[in-house]
Amino acid sequence: MLNLHLEFAQLRQEREGTACPEGTMQIQHRQFSSDNGDLVDAVVPYMGESISDGTLAKFLKNPGDSVAVDEPIAQIETDKVTIDVSSPETGVIQKFVVKEGDTVEPGNKIAVISKSGEGVIHVAPSEKTSEKTDSQPPPPAEKSVEDKQKPKVGSVPVVEKPKATSVTPPKRSATEPQLPPKDRERRVPMTRLRKRVATRLKDSQNTFALLTTFNEVDMTNLMKLRSDYKDAFVEKHGVKLGLMSGFVKAAVSGLQNQPIINAVIDGDDIIYRDYVDISIAVGTPKGLVVPVIRNAGKMNFAEIEKEINTLAKKASDGTISIDEMAGGSFTISNGGVYGSLLSTPIINPPQSAILGMHSIVSRPMVVGGNIVPRPMMYIALTYDHRLIDGREAVFFLRRIKDVVEDPRRLLLDI
């Protein structure tokens, strides 16, 4: 019996000893939530096979804001796309556990959502006290400097002589414009997408033997075809007929006639691609993205236009996925939408060539012995000279010119 009482007393002491820490934990949790699973975590979603982490670009909500289920609360910037972090439940944002600019990985918690809205705390930054304490020491330091300068001012005749020799001020004023004033500069960190684009473009210059060849295209017939059938095209297919679909079809024809343009070097081997996936360069506020039109050789004009519109809208909205930008065997870049007259585009690795389109300008041309105005466009082909010879590059660009100037060649396959 004595042993039984001792064991009972010991067990009671252990329970009482653990009751305190458990009580404190419950009190701490009650500041942020209630029981019965009121709190849920918003975590970073899966971002793709080739993406291991990202940068939390910005929060779309603030602590205390109400959110609905699947409503975006933050955006994560990766090397390729911007991904939204959505709320897992309807409730109120209690707090954020990371800051903007932090690097996060899939599964990391970024926010706590209270389904009942209880225990929401608005945290205000308390850095003013530190700033005040930091700003207090400078005044006495300035006074000491002034006190030190006062006796020097007393020796007026000695100081005035070097001032009279105004040789150094012109030199300083001449060199000062070369140094930008700090108060007129802004330092902004590069986005992950911009870093990735910069790295890939520089790698392209360092790896490929880049060479660019040019030609010019008379856009009269393609523009007339578009003007004659634009209304009927929209009525049947529900999409406008643009010029890009004509160049995509022309590029497909050129790649089929010159397969080496569609190939790529891999070590000591050459990989010939028996498919045509056309990448379309799209400029967005966050950087350059290159969505891919899959199996463009099997698509008609309407299908190409619909796909281009869909991918361009996703790119501008930031909702394009990694799969929609992966791959691609050839790229078309249309700098003409920005007014570019001529350029030398850079290859998009691991491709071997890129076609550059430019603005359409009415220029005097000799047609049938007469000088007439024609809507002309310069086109450029940058290619990897290690793999592609000038002969194949010129023939490819010539095929683009022939098809665009006379689209009937596509129907007759000539």
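User: Okay, which residues does Arg192 touch, leaving out those up to four places away in sequence?
Analyst: Keep in mind that this is a predicted model. In it, Arg192 touches Asp53, Gly54, Thr55, Glu77, Thr78, Asp79 and Thr103, once residues up to four places away in sequence are left out.

User: And where does Arg192 lie? Is Arg192 buried or exposed?
Analyst: Arg192 is part of helix H6. Its relative accessible area is 15%, and the cut-off for buried is under 20%, so Arg192 counts as buried.

User: You mentioned Gly54. Which residue is the bridge partner of Gly54 in S7?
Analyst: That's Val104. The two strands involved are S2, residues 54–59, and S7, and they pair in the antiparallel sense over two bridges.

User: What order do the strands have in the open sheet with S2 and S7?
Analyst: The order is S5-S4-S2-S7, four strands with antiparallel pairing.

User: What about the open sheet with S6 in it, what's its order?
Analyst: That one has four strands as well, in the order S1-S8-S6-S3, again with antiparallel pairing. Here strand S1 (39–43) and S3 take the edges; each has a single partner strand, so one side of each lacks a neighbour in the sheet.

User: How many of the six residues of S6 are buried?
Analyst: Five of them, so strand S6 (residues 91–96) is mostly covered.

User: Which bridge partners tie S6 to its neighbours?
Analyst: On the S3 side, S6 pairs with residues 66–67 in the antiparallel sense over two bridges. Ser66 partners Val92, and Val67 partners Gly91.

User: Switching topic: which members of the largest nonpolar core touch the most other members?
Analyst: Ile110, Phe247, Val248, Ile278, Phe330, Ile332 and Ile400, out of 69 residues in that core. Helix H8 (residues 244–257) gives the largest share, seven residues. The core also takes at least three residues from each of domain 1 (39–114) and domain 2 (195–411).

User: Why would nonpolar side chains sit together like that?
Analyst: In soluble globular proteins, nonpolar side chains tend to be buried together.

User: Let's zoom in on Phe247. What does it touch, leaving out residues up to four places away in sequence?
Analyst: Phe247 touches Met219, Leu222, Ile332, Leu355, Met357, Met377, Ile379, Ile400 and Val404.

User: Which elements do the buried residues of H9 pack against?
Analyst: They pack against helix H7 (220–237), H8, strand S13 (282–284), strand S14 (287–289) and strand S15 (292–293). The buried residues in H9 are Ala302, Ile304, Glu305, Ile308, Leu311 and Ala315. H9 itself covers residues 301–317 and reaches 24 Å from first C-alpha to last, close to the 24 Å expected at 1.5 Å a residue.

User: Last one: which peptide bond is cis, with omega near 0°?
Analyst: The one from Pro349 to Pro350. Pro350 is in the loop between strand S16 (330–334) and strand S17 (353–357).

User: How far apart are Phe208 and Pro350 in sequence and in space?
Analyst: They are 142 residues apart in sequence and 9.9 Å apart in space, C-alpha to C-alpha. Phe208 is buried at 12% relative accessible area, and its contacts include Pro349 and Gln351.

How values were computed. Residues are numbered from 1 along each chain as its sequence is written. This is a predicted model: local features need pLDDT of at least 70, side-chain atom pairs count only at pLDDT 80 or more; totals for chains, interfaces and linings use all residues. Side-chain values use heavy atoms; hydrogens and water are left out. A nonpolar core is a set of buried Ala, Val, Leu, Ile, Met, Phe, Trp, Tyr and Cys residues joined through side-chain atoms within 4.5 Å. Buried means under 20% relative accessible area, exposed over 50%, partly exposed in between (1.4 Å probe, protein chains only). Domain bounds come from an automatic or database domain assignment. Contact means heavy atoms within 4.5 Å. Two strands pair if DSSP finds at least two bridges between them. The expected span of a helix is 1.5 Å times one less than its number of residues.
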